[in-house]
Amino acid sequence: MRHTLPIAPQFYVTAPQPCPYLDGRMERKLFTALQGENADKLNNALSRQGFRRSQNVLYRPSCAECSACLSARIDVDAFQPTRSQKRIQRRNGNLTRKANSPWATEEQYELFRSYLDARHADGGMADMDVFEFAAMIEETPIRSRVIEYTDAAKRLIAVSLTDVLEDGLSMVYSFYAPDMQQASLGTHMILDHIEIAREAGLPYVYLGYWVPGSQKMGYKANFSGLEIYTGGKWQMMKDPEAYSATLHPLSTDPIAEQVANISLPDRRPAPGK
């Protein structure tokens, strides 16, 4: 009997559109579909190469003249909380965490809407309706969890959609009560994910992209043990001021070269299958 190997994933590039992080720039993404029985393998392999998941798509920036966006993750063993972060942990010590299957609820959506309206009213997700929100939460072909945080009154105040990878936790998207600014809930969720990863024996917490020059993404540089993916490998972040968002026409490799340098997982079936 003749056997054929599964077709390798195909990669595509989005059309340029305004960058959500740096004014006056255009963004472009390299992406591939995340589906089928090898979805977990592909997600793990590409996450280690700077890709992020959005529903059933894996992507990373591939802008024509800019390479400012850098995938970031925290080395759990290297992380040491600052005094400010310790205060945030104590301040939120009364919160209850619950990990659920990826299922959207009306309570989550109400919190999500209030978060967007207060903090990202002009962002790309501002018009997301309840059905699109449910798709964001529920359309996942891999092992994902919705981490909910409630206060002493049982009010839902923070949520993180989190993927469980072979080597860590990936915080896909987080949102929280905008009227609780003093609680620093965004920072608390990251600190709590570091603890979850440590308890599970997972070495990393993936945070998405850090962008020098972007105030929106600046908070990620406040965590010790931060690594960034640059030059084809993960490197411990040095002084954040040493990284530049300067435009340069040769800062991004040609698409064909980028795809050729992506390491794909072994997609051959196990023996006996």
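**A guided tour of the predicted model**

Begin with helix H1 and select Ala-39, Leu-42, Asn-43, Asn-44, Ala-45, Leu-46 and Ser-47, which are buried (buried means under 20% relative accessible area, exposed over 50%, and partly exposed in between, with a 1.4 Å probe and protein chains only). Helix H1 spans residues 39-47 and is mostly covered, with seven of its nine residues buried. Helices (H or I, at least four residues) and strands (E, at least two) are DSSP runs, numbered from the N terminus.

This is a predicted model, in which local features need pLDDT of at least 70 and side-chain atom pairs count only at pLDDT 80 or more, while totals for chains, interfaces and linings use all residues. Residues are numbered from 1 along each chain as its sequence is written, and side-chain values use heavy atoms, with hydrogens and water left out.

**The cavity beside H1**

Next, select Asn-43, Ser-47, Phe-51, Arg-52, Arg-53, Asp-163, Leu-165 and Ser-170, the residues that line the largest cavity. A cavity is a set of points, on a 1 Å grid over the protein atoms alone, where a 1.4 Å probe fits but cannot get out; a pocket is an open set with protein on both sides within 12 Å along at least five of seven lines; lining residues have an atom within 4 Å of a point. H1, strand E5 (52-54) and strand E10 (156-165) each give two or more residues to the lining of this cavity. The space in the largest cavity is about 30 Å³, a volume being the space filled by probe spheres set on the points, which are joined across faces, edges and corners. The lining comprises two nonpolar, three polar and three charged residues (Ala, Val, Leu, Ile, Met, Phe, Trp, Tyr, Cys and Pro count as nonpolar, Asp, Glu, Lys and Arg as charged, and the others, Gly among them, as polar).

**The second largest pocket**

Now select Arg-60, Pro-61, Ser-67, Tyr-229 and Gln-258: of the 30 residues that line the second largest pocket, these are the closest to its centre. The volume of this pocket is about 660 Å³. Strands E3, E6 (57-61), E7 (70-75) and E13 (226-230) are the elements that give two or more residues to its lining. By class, the lining has 14 nonpolar, 12 polar and four charged residues.

**Arg-25**

Move to Arg-25, in the loop between strand E2 (17-18) and strand E3 (26-27). Arg-25 is buried, with a relative accessible area of 18%. Leaving aside neighbours within four places in sequence, the contacts of Arg-25 (heavy atoms within 4.5 Å) include Gln-17, Cys-66 and Thr-246. Display also Cys-63, 38 residues apart from Arg-25 along the chain; their C-alpha atoms are separated by 9.3 Å.

**Helices H3 and H4**

Select residues 106-119 (H3) and 130-138 (H4), whose axes come within 11 Å and cross at roughly 105 degrees. Axes are lines fitted to C-alpha atoms, for helices over the stretch in contact, and angles run from 0 to 180 degrees between N-to-C directions. H3 and H4 are therefore roughly perpendicular to each other (65 to 115 degrees; under 35 counts as roughly parallel, over 145 as roughly antiparallel and the rest as oblique). Gln-108, Tyr-109 and Phe-112 in H3 meet Val-130, Phe-133, Met-136 and Ile-137 in H4. This contact has six nonpolar, one polar and no charged residues.

**Two backbone details**

Finish with Gln-55, in the loop between E5 and E6, and Lys-154, in the loop between strand E9 (144-150) and E10. Although not a glycine, Gln-55 has a positive phi of about 55 degrees; Lys-154, also not a glycine, has a positive phi of about 70 degrees. Gln-55 is partly exposed, with a relative accessible area of 24%, whereas Lys-154 counts as exposed at 64% relative accessibility.
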